[in-house]
Amino acid sequence: MSIWRTKSIEHSMADTEDPEFKLKKSLTALDLTVFGIGVIIGAGIFTLTGRVAQAYAGPGVVFSFMIAALCCGLAALCYAEFASTVPVSGSAYTFSYATMGEMIAWIIGWDLILELLLGASVVAQGWASYFETFLGEIGVGWPEDLGYGDTFNLAAFLLVVVLTALVAFGIKESLRVNLALVALKLFIVLFVIFAGIQFIDTDNYTPFVPPSAPGETSAGWLHTPLIQTVFGAPGVYGTAGILFAASLVFFAYIGFDVVATTAEEARNPQKDLPRGIIGSLVVCTVLYMAVALVITGMVKYDEINPDAALANAFIAQGKDGYATLISAGAVAGLTTVVMTLIIGAVRVFFAMSRDGLMPVAFAKVNPRTGTPVRITVAIGVLVALVASLTPIGKLEEMVNIGTLSAFALVSIAVPILRKNRPDLERSFRVPFSPFLPWLSAAICVFLMLNLTAETWLRFLVWMALGFAIYFGYGYKHSRVGLGHGVPAQDYSVRD
């Protein structure tokens, strides 16, 4: 059997009706939109905006958000077409299995696990930092040896444990909690925008795009964007700084693709998934650009405190009470991000296990909760350990490169599936195909090249580990390869 064997749409759809692997269909368009907003608005808006503006782009970070939004918007159109055509758990992994073969599907699934596991761990640590700050502001202490940056981060560990239990209990119940926290988070973000407008000094916008300057050279080529290492472009500010910043603030948009991982649990996936994916991305793009304008208008870009930039901007204006409110909003906001990333990781692992590329026993669905409890617990344990024990550091870039590679492959897959399966019903179609899908893939690759050489080396190591697992286990146990559960009319499994 070839590593390029495909799993047909009919086979994927048939798997969703298998009693052992059947998920509960309970999500509406509103649930999916809130789900997307819940994960997109989080670490990016509370921490990343100020840090990137201060170090790389100045007020021009607004353009960085626009570039990242363009990349995500084009990819979102591709996701929407796929998710409405193939409403099956697994997101990009499932889509690529039907178009480009098992090897590419494995690569994408492995990349998505990297994105979601590390993303949840990074955000859990950020949550712990804001949580301890908030407790300090209201006069409540936290054990010094069990806090953020210590050997064991108890707050991050407890957060992941509680959220894992909630996710295992049921997807609908998880999203009810998510809805309440997203409402609070949106209130805080709107509060920051409207309260901050009165403190804007337009002089802080000059220059809007600071002149190009060389980046730090002491760190060496490993810590320089790959494209700058090759072509020798300036390191910070100017056009090069805006482009590099776009590859970083891309982290702030990660999440809309997680909506596609819940396709199998949507009541009306053909209509609700495109609305949820595109709707959440549009709302968050507007809010991000508004916050970027406010923070760089309140504080001169080179004077922004990169740690808790929003809160510190109001402290600089003598509004300590506002800072407390923002910290509380960050705690609520980051909670929804961690929960949603855990849900996404569980659904991708579930799809890969159901296909036999991971142990099938993990994919068994609990008949009472309608969720894959074993996978949920396993993912929760991994995230809790990484978040509480590992000094993660600059892993946002690792999350980004895994996501961008998945986006690029999904974009390429859209015209391939249209050519191979023109008979499929598509309730949503990417306009101007194949031009827009190819443009989407090109922008994703370009942003990947703006990540550091060190990130690329780590990514290659991660991929090498993934190939070892695939050829050592997945290839031999693939249900498609073994012919298990293949519908009679499915002729996509070829020698």
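**Exercise 1.** How many residues apart in helix 6 are Trp 106 and Trp 110?

*Solution.* This is a predicted model, in which local features need pLDDT of at least 70, side-chain atom pairs count only at pLDDT 80 or more, and totals for chains, interfaces and linings use all residues. Residues are numbered from 1 along each chain as its sequence is written, and side-chain values use heavy atoms, without hydrogens or water.

Start with the spacing. Trp 106 and Trp 110 are four residues apart in helix 6, so about one helical turn separates them. Helices are DSSP runs of H or I, at least four residues, numbered from the N terminus.

Next, check burial (under 20% relative accessible area, 1.4 Å probe, protein chains only). Trp 106 is buried, at 0% relative accessibility. Trp 110 is buried too, at 5%.

**Exercise 2.** Determine the span and cover of helix 6.

*Solution.* Take the span. Helix 6 covers residues 102–137 and reaches 52 Å from first C-alpha to last, close to the 52 Å expected. The expected span is 1.5 Å times one less than the number of residues.

Now the cover. Of its 36 residues, 29 are buried. After the helix comes Gly 139, with a positive phi near 85°.

**Exercise 3.** Trace the contacts of Ile 113.

*Solution.* Contact means heavy atoms within 4.5 Å. Set aside neighbours within four places in sequence. Ile 113 then touches Leu 118, Val 348, Phe 349, Met 352, Met 358 and Trp 462.

Notes
Helices (H or I, at least four residues) and strands (E, at least two) are DSSP runs, numbered from the N terminus. Buried means under 20% relative accessible area, exposed over 50%, partly exposed in between (1.4 Å probe, protein chains only).
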